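Subject: Handover of a protein structure

Dear colleague,

Please find below the structure that I am passing on to you. My notes on what was found in it follow directly after.

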Amino acid sequence: MSNVILEVKDLKMHFPIKIKNKGFLSEKKYVKAVDGISFVIKEGETLGLVGESGCGKSTTGKMIVRLLKPTEGSILYKGKDIFKVTGEEAKQLCKEIQIIFQDPYSSLDPRFSVGSTISEPMIVHKIADRKTIKERTINLMNDVGLMSEYYDRYPHEFSGGQRQRVGVARALALNPSLVVCDEPVSALDVSIQAQILNLMQELQKKYNLTYLFISHNLSVVKHICDRIAVMYLGKIVEIADKNELFDNPKHPYTKALLSAIPIPDPEVVVEQEMLEGDVPSPVDPPSGCRFHTRCKDVMDICKKKEPKDLVLNDGHTVACHLYTKEG
């Protein structure tokens with residue numbers, strides 16, 4: 001697991017928008033969805049990317065699968081910049097990096113049967129003859145817990161959990177190495193969530209997969225991930241091994257997120273660190289540390305200077321002035 005399969009360097013994604021001023025004039029500004037993040041994913045591991053809605057998690061995932069082209073920065077897959085490859089290399093990249101979408105309802109074409117949905121990527125990439133593709137499709141259906149009798153059925157005939165199983169099978173059709181999981185269980189019932197998570201762990205071992213697991217649910221992330229990166233307003237504020245992060249969180253934002261996890265024991269009293277105020281606009285983020293407007297430990301330097309990533313111990317990285325000499 002020591003080999004790095006994906007390296008993200010200073011990644012930015014700024015979406016241009018027009019804001020109307022008084023009168024007929026409009027001003028061009030940018031939504032800074034992702035604003036300079038860096039991390040690595042090792043082969044065979046699951047990296048969790050967590051944070052509140054709108055922090056840039058899904059945008060990051062879409063850039064990794066080349067659905068969006070970044071404003072700045074680079075994404076290296078096995079040492080190669082994914083936005084500089086062309087021809088056969090680009091085609092191979094499409095096979096090796098796949099995505100499981102959040103919504104099992106809108107991510108499936110209602111005109112395609114289950115068999116057609118799973119086999120279509122294999123047909124497009126011409127990886128085998130029709131008979132072999134059908135056999136592999138049925139094998140994938142069995143792997144994700146769908147009976148072969150469902151081959152000719154359509155998405156509207158299935159539950160949310162079954163549809164997401166179809167989505168998982170489709171993502172595995174081209175035998176990828178890296179799978180971006182964009183909140184794959186957030187739209188499902190709790191009992192079904194557990195089934196899909198266990199299925200994903202089984203498939204990871206069977207197919208030697210590497211996951212980027214995007215979620216806002218820390219309990220889910222703790223169950224499936226090896227390391228966790230915490231995002232806030234387009235920035236990564238902390239990265240650590242999951243046990244280290246849960247046992248020894250450093251950033252005030254991480255502490256607040258962890259304290260909000262419900263404990264299923266009425267006798268256990270947990271003092272919650274409530275976050276005050278709303279998340280600032282990504283169009284005009286605060287100066288200095290972006291979390292300073294909601295942080296109970298805020299200092300003067302937090303308002304003026306953006307904190308740099310500081311490695312504390314054993315890969316535990318935090319961007320916070322509480323741990324710097326200036327702080």
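In these notes, contact means heavy atoms within 4.5 Å. Under that definition, and not counting residues up to four places away in sequence, Thr210 touches Ile5, Ile41, Lys42, Glu43, Gly44, Glu45, Ser177, Leu178, Val179 and Gln204.

Please note that this is a predicted model, in which local features need pLDDT of at least 70 and side-chain atom pairs count only at pLDDT 80 or more, while totals for chains, interfaces and linings use all residues. Residues are numbered from 1 along each chain as its sequence is written, and side-chain values use heavy atoms, with hydrogens and water left out.

The protein as a whole

The protein has ten helices and twelve strands; helices (H or I, at least four residues) and strands (E, at least two) are DSSP runs, numbered from the N terminus. Its radius of gyration is 21 Å, close to the 20 Å that the globule rule gives for 327 residues, so the protein is as compact as a globular protein of that length. That radius is taken over C-alpha atoms, and the globule rule is 2.2 Å times the number of residues to the power 0.38. The C-alpha trace spans about 65 × 60 × 45 Å along its principal axes.

Of the 327 residues, 48% are buried. Here buried means under 20% relative accessible area, exposed means over 50%, and partly exposed lies in between (1.4 Å probe, protein chains only). Among contacts with a separation of 6 or more, 63% are between residues 24 or more positions apart. The protein exposes about 16900 Å², and carbon and sulfur atoms supply 49% of that area; accessible areas come from the Shrake-Rupley method with a 1.4 Å probe, and for residues only the protein chains shown count as cover.

As for charge, the mean positions of the 44 positive and 43 negative charges are 7 Å apart. Lys and Arg count as positive and Asp and Glu as negative, whereas His and the chain ends are not counted. The place of a charge is taken as NZ of Lys, CZ of Arg, CG of Asp or CD of Glu.

Thr210 is in strand S8 (residues 210-215). This residue counts as buried because its relative accessibility is 1%. Its side chain reaches the backbone nitrogen of Gly44 at 2.8 Å. This is a polar contact, that is, a pair of N or O atoms within 3.5 Å; within protein, one must be able to donate a hydrogen and the other to accept it, and residues adjacent in sequence count only if both atoms are side-chain atoms.

Gly48, in strand S3 (residues 46-50), is buried because its relative accessibility is 0%. Not counting residues up to four places away in sequence, Gly48 touches Phe213, Val221, Cys225, Arg227, Ile228 and Ala229. The C-alpha atoms of Gly48 and Asp297, which are 249 residues apart along the chain, are separated by 26 Å.

Two histidines

His14 is found in strand S1 and is buried, with a relative accessible area of 17%. The side chain of His14 makes a polar contact of 2.8 Å with the side chain of Asp35. The residues that His14 touches, leaving out those up to four places away in sequence, are Tyr30, Val31, Lys32, Val34, Asp35 and Thr71.

His216 is in the loop between S8 and helix H7 (218-224). With a relative accessible area of 48%, His216 is partly exposed. Its side chain makes a polar contact with the side chain of Glu183 at 2.7 Å. Apart from neighbours within four places in sequence, His216 is in contact with Gly51, Lys57, Glu183 and Ser186.

Positive phi angles and an exposed arginine

Asp10, in strand S1 (residues 4-20), has a phi near 45°, a positive value in a residue other than glycine. Asp10 is exposed, at 51% relative accessibility. Leu233 also is not a glycine and has a positive phi, of about 50°. Leu233 lies in the loop between strand S9 (227-232) and strand S10 (235-241) and is buried, with a relative accessible area of 4%.

Lastly, Arg111 lies in the loop between strand S6 (97-100) and helix H3 (114-124). Arg111 is exposed, with a relative accessible area of 66%.
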